[in-house]
Amino acid sequence: MRAIAPVELAIRGVNRARRAAYRRGWLGGRRLSRPVISIGNRSVGGSGKTPATIAFARALLARGLRPAILTRGYGRFSDEQAIRVDTPDPVRFGDEPVVMAISLPGVPIIVGSDRYRSGSDFLRSGECDLFLLDDGFQHLQLERDVDVVIEGGGSAWLREGESALADADVVLHRGGGKTDDERHFAAALSPLGWRAVDAVLPPQAMNGESVLAIAGLAEPRQFFRMVRETGADVRGEIDFGDHHRYVPRDLEAIEGERVRAGASRVVTTLKDAVKTRPLGGEYLVLDVEMRFESEERLIAKIISLAHQNFRDAGGL
């Protein structure tokens, strides 16, 4: 069993107290006029919240629903609030909102730390059937109708203890775990294909090709493992750290390492590519997708809960 750092214990304690205050009604959240489905976790990054949010949005679209996504835009260099992603600008919007906008053309992605304001402002001029709240498990200021929590696959450092799972309507387990009742489902990230500037290639297209893999993620080992799963010959790996903001000297270092390692290509994530491409780093991108056990049952459950809980709370 790993030792828990004092800072982690302190943050868990603060979040436990906040959650108790909201449960008991001492603090009150604000409610939007559409159902809200939160996708979050207990760990600090790396659990796959962005791929899960994209997967849920696609599933809702396939069922004729119109989702909009509320996201904080972590790591952006702007203090604008309630802004809709309309250009692939990670400096203004954050890297993950840009990834969602590229992956979900036509779906409104609204960025701002105050998710209630983001949703309210959007509804003044836009329309949706429901909201997806990205990384929302700890954002208790906004009332939600469904809490989806992702367990596993992320950092061992936890923002909340296991008791917080009592507030989860659905728990997605990555890498194993309890999936033997109506609340628990298995989920996994899988390679979807390679995205080049002007082409989309199947996962096996890089089988046997020598590559240098780079990533700026909370848990880059997942990405490096998936690159290997495609059959690529990984000659080297560079971990830049989560939400890394690339500068020209980073690309120079990447090229130097590619040559040193004898790799023919550099491969990366879409989250990194939206920041390297403006600098001239045209790297091959491995697209990934989140897949769910019993997806039809899972999506039907989430939609049903969202509408039922919204009505029970007095929603229209």
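The structure is a predicted model, in which local features need pLDDT of at least 70 and side-chain atom pairs count only at pLDDT 80 or more, while totals for chains, interfaces and linings use all residues. Residues are numbered from 1 along each chain as its sequence is written, and side-chain values use heavy atoms, with hydrogens and water left out.

## Cores and helix α2

In soluble globular proteins, nonpolar side chains tend to be buried together. A nonpolar core is taken here as a set of buried Ala, Val, Leu, Ile, Met, Phe, Trp, Tyr and Cys residues joined through side-chain atoms within 4.5 Å, where buried means under 20% relative accessible area, exposed means over 50%, and partly exposed lies in between (1.4 Å probe, protein chains only). The largest such core has 58 residues, and those with the most contacts inside it are Phe56, Val148, Leu172 and Val227. Its largest share, seven residues, is contributed by helix α2 (residues 49-62); helices (H or I, at least four residues) and strands (E, at least two) are DSSP runs, numbered from the N terminus. Apart from this core lies another, of eleven residues, among them Leu32, Leu70, Leu123 and Leu142.

Helix α2 is mostly covered, since eleven of its 14 residues are buried, including Lys49, Thr50, Phe56 and Leu60. With the expected span of a helix defined as 1.5 Å times one less than its number of residues, the 14 residues of α2 should span 20 Å, and this agrees with its end C-alpha atoms, which are 20 Å apart. After α2 comes Gly64, with a positive phi near 80 degrees.

Which residues does Phe56 touch, not counting residues up to four places away in sequence? With contact meaning heavy atoms within 4.5 Å, Phe56 touches Ile39, Leu132, Val148, Leu172, Phe292, Leu298, Ile299 and Ile302.

## An exposed phenylalanine

Phe77 lies in the loop between β2 (67-71) and β3 (83-84), and it counts as exposed because its relative accessibility is 55%. Leaving aside residues up to four places away in sequence, Phe77 touches Val91 and Arg245. The C-alpha atoms of Phe77 and Val200, which are 123 residues apart along the chain, are separated by 31 Å.

## Salt bridges

Side chains of opposite charge can pair when their charged atoms come close. A salt bridge is counted when a side-chain nitrogen of Lys or Arg is within 4 Å of a carboxyl oxygen of Asp or Glu, and a search of the whole structure finds 25 of them.

| Pair | Closest N to O |
|---|---|
| Asp114 and Arg30 | 3.1 Å |
| Arg297 and Glu182 | 3.3 Å |

Asp114 is partly exposed, at 27% relative accessibility, and Arg30 is partly exposed at 39%.

Because Arg297 lies in helix α9 (residues 295-312) and Glu182 in the loop between β7 (170-174) and β8 (184-195), their pair ties together parts that are 115 residues apart in sequence. Here Arg297 is partly exposed, at 34% relative accessibility, whereas Glu182 is exposed, with a relative accessible area of 52%.

Arg235 is partly exposed, at 41%, and Asp233 is partly exposed, at 29%. Finally, Glu80, Asp86 and Arg92 are linked in a network of salt bridges.
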